[in-house]
Protein chains: 2
Amino acid sequence: MERIVARYYIETPLQPEAAAAILAGEQSSGTFVAVPGETEELKARFAARVESVKHLETVDIPAIPGGAGFQKGPFHRAAIEISWSIENCGYNLPVLISTVQGNLYELSAFTGLKLMDLEIPASFAQHFAGPAFGIEGCRRLTGVQGRPLIGTIIKPSIGMTPRQTAELVQTLAGAGIDFIKDDELLSAAANSSFEDRVTAVMKVINDHADKTGKKIMYAFNLSAEMDTMLRRYETLVKAGATCAMVSLNSVGLSGVKKLGDLRTLPIHGHRNGWGMLNRHPLLGIEFPAYQKIWRLAGVDQIHVNGIQNKFWESDDSVVRSIEACLTPFLGGYSILPVVSSGQWGGQAPETYRRTRTVDLLYMAGGGIMAHPDGPAGGVTALREAWQAAVEGLSVEEGAKKFPAFGKSVQKFGSK
Amino acid sequence: MERIVARYYIETPLQPEAAAAILAGEQSSGTFVAVPGETEELKARFAARVESVKHLETVDIPAIPGGAGFQKGPFHRAAIEISWSIENCGYNLPVLISTVQGNLYELSAFTGLKLMDLEIPASFAQHFAGPAFGIEGCRRLTGVQGRPLIGTIIKPSIGMTPRQTAELVQTLAGAGIDFIKDDELLSAAANSSFEDRVTAVMKVINDHADKTGKKIMYAFNLSAEMDTMLRRYETLVKAGATCAMVSLNSVGLSGVKKLGDLRTLPIHGHRNGWGMLNRHPLLGIEFPAYQKIWRLAGVDQIHVNGIQNKFWESDDSVVRSIEACLTPFLGGYSILPVVSSGQWGGQAPETYRRTRTVDLLYMAGGGIMAHPDGPAGGVTALREAWQAAVEGLSVEEGAKKFPAFGKSVQKFGSK
């Protein structure tokens with residue numbers, strides 16, 4: 001029988017083997033006294049199994065305060081693997097999450113616990129269609145090949161009217177942008193209803209497409225209650241929009257899966273709230289595990305932060321996230337990594353050097369709008385930055401060769 | 001205009017006032033350079049506002065590693081209040097979550113950030129019906145007044161067939177139980193389909209109700225994708241079931257809200273995964289904020305852990321959670337706190353002493369099934385424990401006065 005494998009980075013005052021056994025018990029059939037009905041046969045079929053325990057460093061101070069009786073060190077760190085039979089939860093993502101990421105964080109025996117990665121059995125491919133578009137589908141819809149899609153976020157995040165947003169989209173269309181998105185803070189504000197924004201923005205985008213043949217992908221943030229999201233999705237389809245944005249953590253798995261199943265629009269998955277789940281080195285979940293869940297749910301684009309970002313995350317972590325997205329999963333399930341946060345093009349050479357890919361949606365905000373030659377200069381600068389990157393040039397070399405990028409370097413290079 | 005207020009416990013190497021201003025900017029209209037369209041008028045209407053900053057302790061070692069440029073202490077802790085106009089997100093729970101609990105955790109300026117509580121404007125009451133049953137509704141359905149509802153969880157967590165589960169329910173019915181639930185690990189296992197389990201269990205419960213007039217509330221775990229959950233909800237209604245259980249964090253807000261809106265069955269909200277969101281003292285969310293979101297979504301019962309529990313959580317935290325649930329919200333939105341984890345009755349006196357309430361769903365597992373006189377003795381012991389608690393007796397005094405509870409104390413008292 002196939003098994004789901006979860007890898008954890010743990011810290012415990014117990015021997016790691018003992019702590020791993022507690023986790024496996026709690027997440028299959030544990031309680032504090034033996035109960036009737038818990039036969040050996042039943043255990044063999046449904047009990048979680050400790051597959052491996054690899055000892056790592058030992059520390060004196062716990063990463064997270066332990067429960068009563070577990071506060072005395074030393075604290076042992078280890079990499080462990082736990083597996084469950086596919087018979088336990090079947091092809092049910094929420095119950096899979098409750099199994100690999102549920103009450104285990106409550107266990108006193110752990111002073112640190114992070115879900116690092118998941119191994120999902122091949123048979124999941126028969127039950128989850130996955131991203132309907134992925135990298136190829138997003139390239140096809142935008143007509144962009146051989147370089148990253150260049151995108152931007154409507155700023156200010158919140159407060160612009162549909163007319164103001166449409167005017168900005170008009171400017172960005174003229175500048176040659178490939179992709180635009182709402183901010184995650186904006187879905188329907190008092191002065192910008194979802195429907196009015198869609199009407200105003202799609203008029204600009206459709207007109208521009210009619211004239212030039214280039215259709216900008218605009219990710220409208222439809223995050224809301226289920227029925228509202230389904231209604232908004234229909235609004236998008238009718239208006240000729242080509243992307244729906246959803247805040248993954250805020251909407252949740254069942255809601256996102258329902259949208260993914262519609263398979264008419266690419267799903268732009270925003271991971272806001274991610275820092276809460278990931279920022280502590282020994283609590284929560286790492287991106288390789290996280291992105292698999294959302295690929296199963298049918299997300300086509302997912303945020304990965306960016307090199308030299310304005311947030312707390314290290315470049316190493318960003319690189320790992322991009323690599324995770326680009327690694328085929330169950331033989332496919334293609335998902336487009338969305339690079340953003342303080343990006344202006346200067347990070348392109350380093351991003352390419354470390355990932356060797358142009359299969360990215362590369363987002364800049366101020367880096368486009370505040371370019372000395374205006375937004376058109378900003379978009380050109382970003383394309384040039386990526387050309388320089390692929391040619392193996394440094395930022396300085398690229399700035400010399402490409403004039404628009406050169407102006408970006410002059411303006412933003414010291415940041 | 002009404003404002004939503006969020007209270008945070010923060011840690012930062014900056015002056016707390018400066019860090020609070022960064023948070024407010026990021027969560028309304030911030031980017032790294034000024035952009036066109038960001039007028040003073042727009043800012044006044046949509047910008048988040050720092051309402052208060054209260055300085056607390058200063059420490060040398062950061063709670064969580066800071067981002068580049070923010071690694072040098074000292075680190076100042078503070079309690080801050082940030083507010084947003086209701087015009088920003090309207091009555092949309094997912095966008096509210098993205099606003100108060102989104103990218104702010106990513107900010108390098110913070111080496112600790114926890115959402116402590118939320119103030120929700122009165123007008124939300126016109127848009128969210130809230131729990132359809134709450135405490136009074138659950139008492140009405142079970143016929144239990146003046147004492148906690150006594151409940152248990154089917155154990156082993158996973159692996160029993162519908163017939164075995166039904167036999168256990170029969171035993172528990174004979175023992176006088178008020179409430180039974182699936183484990184969060186079980187929704188549909190290979191040997192226990194949801195539908196077969198409902199049929200087998202509800203036959204026992206309905207027969208028992210016909211004979212005795214007492215209808216046991218069984219919370220079937222319907223957690224799954226949206227369409228499956230809706231189908232299962234219908235199955236429950238048709239079978240005469242009186243409760244639907246859902247894993248809140250695994251299913252997510254939009255899915256849970258959709259179930260709550262159906263208003264035919266009480267929603268039992270399981271918070272597995274909570275430790276990941278809450279366990280670090282300076283990362284995540286505290287229960288007073290968390291439970292408000294789920295009350296708005298229509299959850300009728302929510303887990304709060306238990307006094308002297310087997311998990312890491314302190315008694316103080318459990319008491320605060322129970323108090324949060326029992327505090328009226330928007331003038332009502334009654335929700336029943338679910339006490340569980342290692343409970344056997346011995347914690348009843350302390351639970352009552354600290355909370356002065358019997359408005360609880362009090363769950364025991366081994367404490368019922370492993371009682372020396374069997375499950376009937378276990379249920380009796382729990383009722384006695386609560387009678388002793390309300391009479392102001394200590395565990396020892398209660399054990400002398402009540403024979404079944406006395407046997408529990410003998411067997412479980414040293415744990």
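What volume does the second largest pocket have? I looked it up and got about 400 Å³. A pocket here is an open set of points on a 1 Å grid over the protein atoms alone, where a 1.4 Å probe fits, with protein on both sides within 12 Å along at least five of seven lines; lining residues have an atom within 4 Å of a point. Its volume is the space filled by probe spheres set on the points, which are joined across faces, edges and corners.

A note on my source: this is a predicted model, where local features need pLDDT of at least 70, side-chain atom pairs count only at pLDDT 80 or more, and totals for chains, interfaces and linings use all residues. Residues are numbered from 1 along each chain, chains are lettered from A, and side-chain values use heavy atoms, without hydrogens and water.

Next I turned to the interface. Contact (heavy atoms within 4.5 Å) takes in 95 residues from chain B and 94 from chain A. The two chains bury about 7800 Å² between them, counted as accessible area (1.4 Å probe) lost on being put together, summed over both.

Then came salt bridges (a Lys or Arg side-chain nitrogen within 4 Å of an Asp or Glu carboxyl oxygen). I found six across the interface of chain B and chain A. K258(A) pairs this way with D227(B), their closest N and O atoms being 2.8 Å apart. Over all chains the count is 50. Another one joins D182(A) and R197(A), at 2.8 Å from N to O.
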